[in-house]
Amino acid sequence: MLIIDKEKCIGCGVCEANCAFGAISMEDGCAVVGDSCTLCGSCVDTCDVEALKIEIAADAGSTCNLNEWSGVWVFAECRDGEVSPVSYELLGAGRNLADQRKVSLGAVLLGSNVRDKATELIAGGADLVYLADHEELLQYREDVYGSVLCEMISTHKPEVVLAGATAIGRSMVPRVATELRTGLTADCTQLSMREEDGALLQTRPAFGGNIMATIECPHTRPQMATVRPKVMLPLVSDTQRSGDIIEFNPTAQALTSNVAILESVKAEQEKVNIQEEDILIAGGRGLDGEKGFSLIKELADELGAAVAASRAAVDSGWVSYPHQVGQTGKTVSPKLYIACGISGAIQHTVGMQSAETIVAINRDENATIFNYATYGLVGDLFEIVPLLKNKIKNVRGQ
Amino acid sequence: MKIVVCIKQVPDAKDVRLDPETNTLAREGVESIMNPFDRHALEEAVRIKEEHGGEVVALSMGPPQAETVLREAISCGADRGVLVSDRGFAGADTWATSYTLGNAVQTLGEFDMVLCGKQAIDGDTAQVGPGLATQLRVPFVTCVQKIRTIEGKSLDLERMMDDGYDVVRLPIPCLLTVVKDINEPRTPSLKGKMKAKKAEITVLSAADIGAKPDCIGLAGSPTRVVNVFSPPPRGDRTVFTGSAEEQVDQLVEQLGKYI
Amino acid sequence: MDYLLTEEQQMIKETAREITEKKVIPMRAELDERNAFPTEILQDMAKADLFGIFVPEEYGGFGGGCLDIVLALEEMARGCVGVATSYAANALGIFPVLISGSKEQKEKYLPDIAQGKRWAAFGLTESNAGSDASGIQTTAVLDGDEWVLNGTKQWITNGGEAQVYTIIAMTDPSKGPRGATMFVVEDGDPGFSYGKKEDKMGIRASATRELIMQDCRIPKDRMIGRRGTGFITVMKTLDISRPGIASLGLGLGQAALDEAVTYAKQRVQFGKPIIAFQAMQHMLADMAIQVEAARALIYAAAKHIDNNPKNMSKASSMCKVFATDMAMKVTTDAVQVLGGYGYMKEYPVEKMMRDAKILQIYEGTNQIQRNVIGQELNKEYS
């Protein structure tokens, strides 16, 4: 728990101001901690007089021998015989981590008749492909996939396991981490390796999405993380690369399922896939309704661009979910991103900050979005957007 | 049918923002609400109860003030509320939370279903549902968009995938996490509100649920937050000045290559 | 202003407001345009127990009084007077059973009304009996164990949508007003049918139809109260229902005021928001004064009625006149504040102004209300 040294505390209130949860208050010139403390530790660093410390009774799994674990693994998600793009992105990220640790990069491939995908994974950066090829693995089922991955991890003891934050990754990987009693960080946007001790530093938006938090898993292995599609860069496929396939035979028990897939229905994808567009015109709360959205649609039409939106706009029902950019929507990296009436909360900006050029239009000159913008326009978007549309029309007409 | 619904009290995310002056979270006026996804889980549980009979228990882990969301759950149709609350739970990551909730559910006795929202809007991890199912050793399916049929001890449902949906059959007892498409939650009824006002909320401590000290809170959490920081601004920004028209002219000049 | 409402009353307000914000406001323009009855919204209201407010506890309701209904209606009318009228007409339709019905009739109808399983409507008006209710031409004749009804009721709110109708008919035409009796007619009774749905200026979400009875045969036990007491039941019904209509005016006036102030703060002319101009401030101030005065009068009248006084007509009529005249004035002013935009269907005040007009007309025109007040004054000072 959070221990406050009453002798040292000078009641300056810095910790109170820094607590994201409002858990610290000042009483009689001394800090007092309340029930909403989550032990995040952000107060400890801000205390100049070192009056705060976090004491942990006993550490989870401190018996785990970290040295037994080696290698970086990527779960190669395979559906209908196709490896999903995020798996190659993870191989790109995993390659760096493995090189820093001077260990091998493994890809885990589960499925039925998927052996031929192993060479593609090696071309994508894997040194080893751990292959479990069995007809029971034809379709994704939480329990079977989870159990098989657990067995593979327990057998080969990788130090890092990465998976895509997809429907499959987000349901199966938490099961594996819970079973193995190890840490898992969801939706990381950045991964790096601390070379001296092999700690995987996992960065993700936290605390309601307004701050970034770096998380590590100090005492248990493997260190597990899911990563959103389109955040990491894949390597250029190199068919000259060599690697080994390691066959894995799951136990009969692992292949026994309680769950049956009766049918797989492929939905018609919405025509616009904002992840594939070069130019996105995005709208947020500032559009103030569907009418505001028709404004940016007109601008998008003029530019041959697609419309994107912040969560606020989607939640208000002005535009449908497939257009949502950000933490709970899609991550995009277009060449040009024009944000109209978007304040710039980090749950939005994590989804668009890698755009080549970002333009922000906002009435509030202090809006956070301007911190991300290549170009900022301060003013009423209802005035600026039509002007911009006409100006572009004129320029194009010439 | 006994259904346990896991409910989290979260800050209303759309109100949380960073104070540009002090670079701290502006908490003033941030309301605590029931996690929106959990509202859909609760609605589904109440609908199942209305059709098949049984009991809906709303379960939450959190500080004493999380009692409010349990009362709200009762006003929306839950039969009773159980809060697991203990200073020892502070700092729990998703592993320790799953463990704690797992012990709490087992303390409540046998169940047919546990329903959870897909994720909580404050953490967005979506890990506690699958983690809890693993602790309880029951099969689970995440991102359920529709329950098709419940017959005896078997359940047919639709699980959302990235490219469509799967139709899945699984046995009871089980755990499901649900997406918002599954239903339209009802407005709390007057009778519900009055019942909620009078309801006794059961509060369970770590000892009450038989939780091991090294499995709860920060001590039981495999992950640690080691650094918290504000995202760095991009360095190369230009904020135009002048009238709207002048600003637009300057922008169009810069955007030449895209136009 | 704080009216010191009880916790239960606040819950009623809160629940009605939640439904209004979530369900009514997003739908109101469409319902208005399509002339569509808000079946789903009323079902949502029923699920939230709002139909039980005015039903006694022993029949599965909350046993609330006039003030409780008034509070719910005020919140509903802030969203859409058409929707709120459908709710109010349901209450109006079942009041005769509540006031004069037998225990058996109450057991038969009230629990269903409380749960929203059946809706009610009130059949008084005829083509020749508007303000002058003595012109009623519908007749009821006892034939063995059945009453046989003949006649046509006009402009019946919830007509064709409700399942339970309370109808006034002449059982002894020679006795004049003392020859009228009330009956319950149910959807599906032989000889009972509906005429065309009216196309109205406002409150278009509510359904208004003719009820046609051609040798409509109903069991003897459908008579409400004793034979010849129909007018007394009607008068008592209207006494407790009028504050509800007043409350529709109150909610509507409040909504128009909200729209006007919000707009006046946003709209910039001559370099400043128009609310900065004194002419605008005075207009908004007058609107606010009238809204608040109406609220105070309605709540006071409703509390007075809940005390079950011997005479409630004057208080009931006063609040109906004041609040509905206020609604007409305030909605008209709201359109003025919004100027050209206010006249366009894109903004909600245009509908509000159309909706306001009926409030001065139905459930007794405001001229009739003034008659009632005048007659009461005449009695008081005699």
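1. Start with one pair: R137(B) makes a salt bridge to E179(A), with the closest N and O atoms 2.9 Å apart. (A salt bridge is a side-chain nitrogen of Lys or Arg within 4 Å of a carboxyl oxygen of Asp or Glu.) Between chain A and chain B there are 4 salt bridges.

2. A quick word on the model: it is predicted, so local features need pLDDT of at least 70 and side-chain atom pairs count only at pLDDT 80 or more, while totals for chains, interfaces and linings use all residues. Residues are numbered from 1 along each chain as its sequence is written, chains are lettered from A in the order in which they are written, and side-chain values use heavy atoms, leaving out hydrogens and water.

3. Now the whole interface. Chain A puts in 103 residues and chain B 83, where contact means heavy atoms within 4.5 Å. About 8,100 Å² is buried between the two chains, and carbon and sulfur atoms give 57% of that. (Buried area is the accessible area, with a 1.4 Å probe, that two parts lose on being put together, summed over both.)

4. The chains also meet through strands (DSSP E runs of at least two residues, numbered from the N terminus). Strand β14 (residues 211-216) of chain A runs antiparallel to β14 (residues 224-229) of chain B, joined by 5 bridges; strands count as paired if DSSP finds at least two bridges between them. Here A213(A) sits opposite V228(B).

5. Have a look at the open sheet, too: 6 strands with parallel pairing, in the order β19(A)-β18(A)-β20(A)-β21(A)-β22(A)-β15(B). β19 of chain A and β15 of chain B are at the edges with a single partner strand each, so one side of each has no neighbour in the sheet.

Note on methods:
Helix = DSSP H or I, 4+ residues; strand = E, 2+ residues; numbered from the N terminus.
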